[in-house]
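The sequence and the structure come next.

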Amino acid sequence: MVSRRNRTLICISVFLAAWAINVSAAAVKSEHRSGVGHLSVADIEEQLQECPFVEVLNAHKVASSPTTASWTAQIFAFLFPGTPAVNALLATLYISGPPNFLLALCPPNIDPSSLSVMVAFAVGGLLGDTLFHLLPEIFLGEDEHDKVKFVMVEPNKNLLLGVAIMVGFITFVAMDKGLRIATGGGGHDHSHEHSHQHVPVDAKTSGAELTDSSDTLRARKPAASGGITPPPSPLPPSDKEINSSVKLAGYLNLIADFTHNITDGLALSSSFYASPTIGATTTVAVFFHEIPHEVGDFALLIQSGFSKKAAMGAQFVTAAGAFLGTFIGIAVQEFGGSSANASVQSPGLWGTSLQWGDMLLPFTAGTFLYVGTVAVIPELLETGPNKGEELRKTLTQFAAMFTGAGIMLAISWS
């Protein structure tokens with residue numbers, strides 16, 4: 001029979017053993033929880049790939065996916081063979097050089113309204129790149145050909161990405177509004193159609209009024225002075241004032257064009273750091289947009305009194321803005337970090353996994369939304385009195401717009 005003392009010792013031993021087990025389990029649980037909390041998104045993705053079921057899914061994806069690259073992928077690999085920074089600089093060279101050299105083939109008296117079909121094509125490309133490539137990449141990331149992809153839902157992260165898109169949109173609204181105030185309501189239209197219509201009409205109207213007044217004066221003077229016609233009085237310097245205001249609008253347009261090119265550079269750098277495919281498609285969209293944009297700016301400079309050589313030189317100067325924006329984007333990506341970079345261990349923005357480098361792509365998506373809608377769509381909505389001609393023009397514009405969007409869709413369709 002166990003004595004009372006032995007029973008007491010046994011109870012104490014059992015209690016201490018149970019307490020030690022609980023403390024050990026709590027310590028292990030706390031250590032495990034602390035380790036998970038310090039894992040980055042890339043670390044979690046790496047550990048998920050080690051799951052047996054995920055490995056089976058990866059094997060099935062590799063077996064069912066074609067191993068040969070498409071012709072578009074081969075072209076993009078040839079055009080952009082380097083690192084994201086090098087590819088962004090190459091893309092900036094592609095979108096800045098050829099459109100400006102094409103200005104040498106443009107006649108000085110080109111009518112910007114004749115570019116409406118090309119503008120519609122560029123709108124389709126910009127909106128297609130934004131909706132088919134940029135926005136899915138921003139919120140979901142890019143698919144990989146050899147493994148399945150998982151997305152961690154962070155509500156606050158999605159909110160910050162939406163804020164960055166809105167900031168990009170509002171930034172262009174503020175730029176456009178400021179330029180309209182500076183030019184007295186003219187604004188920076190990508191088609192520049194309105195800027196070319198007002199000035200010649202006003203100058204002609206002023207000249208017509210002065211001519212009528214001189215004719216009336218000549219008709220009255222001979223009767224009063226015995227048929228002697230007095231010399232015509234000099235014209236007021238109203239034409240010089242109009243030319244000065246138009247030239248000021250031309251210089252302000254150069255400033256706006258320089259700023260717009262900076263955002264193009266930001267878009268290219270941020271897209272190449274996101275993925276090579278996104279960078280390549282963004283380059284295509286920006287390239288097709290730059291052609292009518294540069295031609296419209298060229299025509300406005302000619303109307304502002306620039307010679308053809310001076311207008312081309314000014315356009316090359318504004319092209320430096322794209323390189324400036326590209327260098328800024330590269331610096332932000334290299335020093336600001338990205339959530340996709342496994343080496344980044346710094347805390348994210350406002351408790352999320354986002355880094356400053358992740359905010360550039362949604363910012364540029366917001367600027368693309370503004371350029372593709374507010375800045376250009378109003379021109380495509382303008383109609384004339386000839387209903388049949390306007391209907392044919394509208395169908396052509398919509399066909400061009402769907403063609404531009406279809407190219408963006410075909411590039412990324414697997």
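## Basis and terms

Axes are lines fitted to C-alpha atoms, for helices over the stretch in contact, and angles run from 0 to 180 degrees between N-to-C directions. Helices are DSSP runs (H or I, at least four residues), numbered from the N terminus.

This is a predicted model, in which local features need pLDDT of at least 70 and side-chain atom pairs count only at pLDDT 80 or more, while totals for chains, interfaces and linings use all residues. Residues are numbered from 1 along each chain as its sequence is written, and side-chain values use heavy atoms, with hydrogens and water left out.

## α5 against α11

The axes of α5 and α11 lie 10 Å apart, and the two helices pack at an angle of about 165 degrees. The pair is therefore roughly antiparallel (over 145 degrees; under 35 is roughly parallel, 65 to 115 roughly perpendicular and the rest oblique). The crossing is right-handed, the near helix being turned clockwise from the far one by less than a right angle.

Contact means heavy atoms within 4.5 Å. On the α5 side the residues include Leu 89, Leu 93 and Phe 101, and on the α11 side they include Phe 316, Phe 323 and Ile 330. By class, this contact has 13 nonpolar, five polar and no charged residues. Here Ala, Val, Leu, Ile, Met, Phe, Trp, Tyr, Cys and Pro count as nonpolar, Asp, Glu, Lys and Arg as charged, and the others, Gly among them, as polar.

## α10 against α11

Helix α10 (residues 276–303) and helix α11 (residues 308–336) have axes that come within 9 Å and cross at roughly 135 degrees. That makes α10 oblique to α11. Their crossing is also right-handed.

Among the residues in contact are Glu 294, Asp 297 and Phe 298 of α10, and Lys 308 and Met 312 of α11. The contact of α10 with α11 has six nonpolar, one polar and three charged residues.

## The largest nonpolar core

A nonpolar core is a set of buried Ala, Val, Leu, Ile, Met, Phe, Trp, Tyr and Cys residues joined through side-chain atoms within 4.5 Å. Buried means under 20% relative accessible area, exposed over 50%, and partly exposed in between (1.4 Å probe, protein chains only). The largest core has 55 residues, of which Val 123 and Phe 298 touch the most other members. α10 gives the most to this core, with 10 residues.

Beyond its neighbours within four places in sequence, Val 123 is in contact with Gly 372, Val 376, Ile 377, Leu 380 and Met 401.

## Ala 267

Ala 267 lies in helix α9 and is buried, with a relative accessible area of 2%. Not counting residues up to four places away in sequence, Ala 267 touches Thr 282, Thr 364 and Phe 368.
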